[in-house]
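Hi,

Here is the structure I promised to pass on. Have a look first, and my notes on the aromatic rings follow below.

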Amino acid sequence: MSLLWGDKMANIIIQAVKSLTVTNKYPDKSLNEGIITIGSDNKNNYYSYLFFDVSSIPSNIVIYSAELVLFKTNHFFNNIEQKLSISPLIDYFSTHTTYNNAPNYDHYSTINFYPLTSKVAVTINVTNMVSAWIKNRPSNKGVIIYGRSKGTIVNFGSVKNDDTYLIPFIKVHYEHLSPNKYNKKLCRPDNDKNCDEECI
């Protein structure tokens, strides 16, 4: 079936429903608090996980953009040399996830961003990642956020934060697809009018 662009442009906000931090400082437990922590203090590494339930996004759409918004709770200054990374998870995480049993992630689908700005929020383009989740919903197991720079620790609001305005979310801008209603006709390359082959 042929498809045309529909006239229904829409935005949807999807808040994170799970968040977690793990660190080699406490290798056998997780941190499930009001913030998630990412980075390294030169001694300990911190990784964080987020999960977004995308089941509310329709299937018959094209995504124009998807942005992950993280609200900072520290480090409001400009340092474009310090970066963090996001990758989609291959395995699920839970409250039993620790540094020692951390889930695997896709090392080839990495999005880098620079969190140390004067703005209160960081916005990251995750369009390709969300589009992949919509095409294959079981592949959505969440994301890992991590840093490779030493001496940089960044905190963002988590699902557990008392201030609901600090909870991470994804904003998706999309358009519905609608079927192209075409007229059927009968044809054939040799112009045989008795042919019953459908031509589109």
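A quick definition to start: a charge sits over a ring if NZ of Lys or CZ of Arg is within 6 Å of the ring centre and within 35 degrees of the ring normal. That is what Lys29 does, with its charged end over the ring of Tyr26 at 4.6 Å from the centre. Lys18 lies over the face of Phe93, also 4.6 Å from the ring centre.

Bear in mind that this is a predicted model: local features need pLDDT of at least 70, side-chain atom pairs count only at pLDDT 80 or more, and totals for chains, interfaces and linings use all residues. Residues are numbered from 1 along each chain as its sequence is written, and side-chain values use heavy atoms, leaving out hydrogens and water.

Now the rings. There are four aromatic pairs in the structure (rings of Phe, Tyr and Trp, the last by its six-membered ring, with centres within 6.5 Å; planes under 30 degrees apart are stacked, over 60 edge-to-face, the rest tilted). One of them is Tyr49 with Phe93, stacked at 5.4 Å centre to centre with 25 degrees between the planes. Tyr49 is in strand E4 and Phe93 in the loop between strands E6 and E7, so this pair ties together parts 44 residues apart in sequence (strands are DSSP runs of at least two residues, numbered from the N terminus). Tyr49 is buried, at 1% relative accessible area (buried means under 20%, with a 1.4 Å probe and protein chains only), and Phe93 is buried at 5%.

Phe71 and Phe169 make a tilted pair, because their planes are at 45 degrees, with centres 5.9 Å apart. This pair links strand E5 to strand E11, 98 residues apart, and both Phe71 and Phe169 are buried.

Cheers

Note on methods: Helix = DSSP H or I, 4+ residues; strand = E, 2+ residues; numbered from the N terminus. Buried < 20%, exposed > 50% of the residue type's maximum accessible area, 1.4 Å probe, protein only.
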